[in-house]
Amino acid sequence: LDIGWVSPARAQAIPKSIEEGGAESALKVRKNNWTVGVAGGQLSGTYMTFADELAQVLDDGDNMRVVPMVTYGAASNLDDLLYLRGVDVAVTQSDVFEYFRTQRKTPNLESRINYLIRLPTSELHILARNEIRSIEDLRGKKVSFGPQGAGSSLTGSIVFQRLGVKVEQVFLDNPTAMQKLRSGEISALLRQIGKPIDVFAKITKESGLHLLPIPFSKTFADYYTLGEFTHKEYPGLVPEGGSVDTLSVPAVLAVFNWPKGHDRYRRVQRFTESLFTNWEKFRRPPRHPKWRDVNLAATVPGWTRWGVADDMLRRLRPQDAPGPQVASGDFAAFLKTTGVANANLTQEQRDKLFREFLQWQGAQRGARVR
């Protein structure tokens, strides 16, 4: 049946950005003028979700275009940020930076790579067969460290090296690794991702699998913090009433430190200003709940915050210098509600207060909207 073209009255509107035409040269300039590339991670991972939601919140037509990129993962993202054309921002991990600085000895890394904000930690998951009761039991066994370039491929290598446990490393994509774990072809698999992972949460206790504990010690205190898995998060993998210790790795939204006046500097500058200006949008549903764990004022040891991000942060938080003029605007109003004198606070106390301030600010805005 030939119904012909849909009548204009019944047709759906075409997006203006697609409908607009013009000279080829003008279209090319317009499309690229304010475009920023963000290296995320594997499609199923939290880091890729962060990159995707950066685009959803910050995209503003021709004024700001954020292009999230599916990549090999956090470990290779720093490589991409350094060398891959079109990548301006990347989600990576603090231990990746340290590895490039101390092991790869990347020249002038501290001045070439800065950070915008510290993202939430992600946990190292070691999913093993039930006959494996400790990391020592994996000695000589075949273990998947995830795809090469994934965060787990680097973090896992560091962990096993420091514990002195030599395993047979394989680098499999996650679905293949899970299949081979169930069949017994490998003894364990690693994933570096913010808990809980939906696919792990659905594993039943009859599966013959469990999460392996990673004992925390001063061996790991330089890069990592203590994390844990609970029965509520993984009912089939953690015994009821118990918990499993693991390592948490701080994630970082990293940026290439383009020189001022460079074309890509102005793009990332606009991206950064928009990120801070629209921060509250990341903290509200339907955005990933991990955004609400971000403390904008949190620092990353060994890293330098990018100058534009530092300027934006100063507009939101009190100045570091002591005295009665430390706080102003909304933050001053918040301090009055707490009865806290800001002048003599430690950095940790400032960060905690700033996190509480963002929550208070969100509540105040919500009240005004209602």
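1. A pocket, as the word is used here, is an open set of grid points with protein on both sides within 12 Å along at least five of seven lines, and its lining residues have an atom within 4 Å of a point. With that in hand, please keep in mind that this is a predicted model.

2. Let's begin with the second largest pocket, whose volume is about 400 Å³. Its lining counts 18 residues, and Tyr99, Ser153, Leu154, Ser157 and Ile158 are the ones nearest its centre. Helix H7 (151-163) gives the largest share of that lining, 6 residues. H4 and helix H5 (94-102) each supply at least two residues as well.

3. Next, have a look at Asp88, in the loop between helix H4 (74-83) and strand S3 (89-93). Asp88 counts as buried because its relative accessible area is 0%, below the 20% cut-off. Its side chain makes a polar contact of 2.5 Å with that of Arg264. Among the other residues in contact with Asp88 are Thr35, Leu81, Phe256 and Val268.

4. The buried residues of H10 include Arg264, Val268, Phe271 and Leu275.

5. The largest nonpolar core has 78 residues, and Ile113, Phe271 and Leu275 have the most contacts inside it. Beyond its neighbours up to four places away in sequence, Ile113 touches residues including Leu78, Phe97, Val255 and Trp303. Another core, of 19 residues, lies apart from the largest one, with Val170, Ile197, Phe229 and Val238 among its members.

Notes
Residues numbered from 1 in each chain as written. Predicted model: local features only at pLDDT ≥ 70, side-chain atom pairs only at ≥ 80, totals over all residues. Heavy atoms only, no water. Helix = DSSP H or I, 4+ residues; strand = E, 2+ residues; numbered from the N terminus. Buried < 20%, exposed > 50% of the residue type's maximum accessible area, 1.4 Å probe, protein only. Polar contact = N/O pair within 3.5 Å; in protein donor to acceptor, adjacent residues only side chain to side chain. Contact = heavy atoms within 4.5 Å. Core = buried A, V, L, I, M, F, W, Y, C linked by side-chain atoms within 4.5 Å. 1 Å grid on protein atoms, 1.4 Å probe; cavity = no way out; pocket = protein on both sides within 12 Å on 5 of 7 lines; lining within 4 Å. Points joined across faces, edges and corners; volume = space filled by probe spheres on them.
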